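Below are some questions and answers on a protein chain, written for a first reading. Keep the structure in view while working through them.

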2 protein chains.
Amino acid sequence: MADNNVLELNLGLGNNNNNNSNFFGGHAHAVQSPRQRCPAPFLIKTYDLLEEGESEESKQIVSWNAEGTSFVVWSPAEFSELTLPRYFKHNNFSSFIRQLNTYGFKKISSKRWEFKHEKFQRGCRSMLGEITRKKCEASVFPAYLKSSSEENATTSSTEENNQQLLMEENKNLKKERLELQMQIDECKALEMKLLACLSQFMDTHQSKVRRLC
Amino acid sequence: MADNNVLELNLGLGNNNNNNSNFFGGHAHAVQSPRQRCPAPFLIKTYDLLEEGESEESKQIVSWNAEGTSFVVWSPAEFSELTLPRYFKHNNFSSFIRQLNTYGFKKISSKRWEFKHEKFQRGCRSMLGEITRKKCEASVFPAYLKSSSEENATTSSTEENNQQLLMEENKNLKKERLELQMQIDECKALEMKLLACLSQFMDTHQSKVRRLC
DNA sequence: GGGAATATTCCC
DNA sequence: GGGAATATTCCC
């Protein structure tokens, strides 16, 4: 067990940095409070990759837009071949896009590979912590309760409403769990009785037959 | 959308093969019938890596045991540095171990890094399809509920944090409900069998006694 | 775009 | 060893 760690190599061979947690002294998955978290590795890497691209040549591959409110991948081919593997464990443009979608970025041009997220802007590294991964759950919230845009300021009434519904459902689920558990206990008790009955019956039968013979 | 594919590069740059699905013409996550599936990429790579190691030098790094019923990583350091990155997207021995555990391999020696799985044996590539990933069964309460005081959340995010915890707990409760329901179904089925058994036994007994009297 | 599977990481 | 988060892949 402890041996694993001894044997682990940190060669830092190349195309990625495995030491994200070192930088932020935190655990990527500690507690998921939506604000003020250390940003996800993906966001930091993407931000770094844009910051690094201050030379003219790299700007032809990927860069912020003029205002620094979105970014453009000018050359997806070079970006995939040269940039991605230096930051990630792959060179697939579509995997990069998948991550952008996961974190709520929007493609804002049909002509260019231009992506935007309210909290992802040049010079605002500290805002990255406010970008959260989309949850895959969603079944908890009825669709009609969801606000139309995720970027909206949270209307407190909706939120309270949601919370109340959640607590209600939660309470019911716990009650149901208790009932199910009791059902199981009953089932098991009955099972025992049946088995006892069967075994007793077999004994009786045996001796009765023996007596009769 | 379709453009993504056009723009994707398959450079085969180096440390990994992204084209598993090509070999098997199947989808890694198609239908999960327990038998006769195309094996998980991890299993194929690990098997390949052992098959490749027929030269004497690579046998000093990793090899099957004498009977071909388990395998040994003789040199974890070289294995991590040289072998792993040629098959996987990392060079961490512990990540490799994590995968072995996920697929149900057992460490069978305290002195060596020797691992065994009933369905993972030399010359039996076709058995790999019978090895399945372990399912992750979640406990109802998220781990982070156990530690009482977490990082100091701001008053505004406390509520959101709360909500997230609620959603998490909710999700887990639903999962547990399903499991309990299944337990009950099993219980009931067993009950039926026992009752049938009992009644049949009584019939037999009755007629036997009647005949004897 | 996003659902869902597998892979990798990090922690206990 | 395994839980759980993030990353990567593959498919619709």
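Q: What share of the accessible surface of chain A belongs to carbon and sulfur atoms?
A: The model is a predicted one. Its chain A has an accessible surface of about 13,300 Å². Of that surface, the part that belongs to carbon and sulfur atoms is 52%.

Q: What percentage of the residues in chain A is buried?
A: A residue counts as buried when its relative accessible area is under 20%. Chain A has 213 residues, and the buried ones make up 36%.

Q: In what order do the elements of chain A run from the N terminus on?
A: Chain A has seven helices and four strands. Read from the N terminus, their order is α-α-α-α-β-β-α-α-β-β-α.

Q: How many charged residues does the contact of helix 3 with helix 5 of chain A have?
A: From helix 3, A:Lys45, A:Asp48, A:Leu49 and A:Glu52 take part, and they meet A:Phe79, A:Thr83, A:Arg86 and A:Tyr87 of helix 5. Sorted by class, this contact has three nonpolar residues and one polar residue, while the number of charged residues is four.

Technical notes: Residues numbered from 1 in each chain as written. Chains lettered and ligands numbered in written order. Predicted model: local features only at pLDDT ≥ 70, side-chain atom pairs only at ≥ 80, totals over all residues. Heavy atoms only, no water. Contact = heavy atoms within 4.5 Å. Helix = DSSP H or I, 4+ residues; strand = E, 2+ residues; numbered from the N terminus. Nonpolar A, V, L, I, M, F, W, Y, C, P; charged D, E, K, R; others polar. Buried < 20%, exposed > 50% of the residue type's maximum accessible area, 1.4 Å probe, protein only. Areas by Shrake-Rupley, 256 points an atom, 1.4 Å probe, with all protein chains shown as cover.
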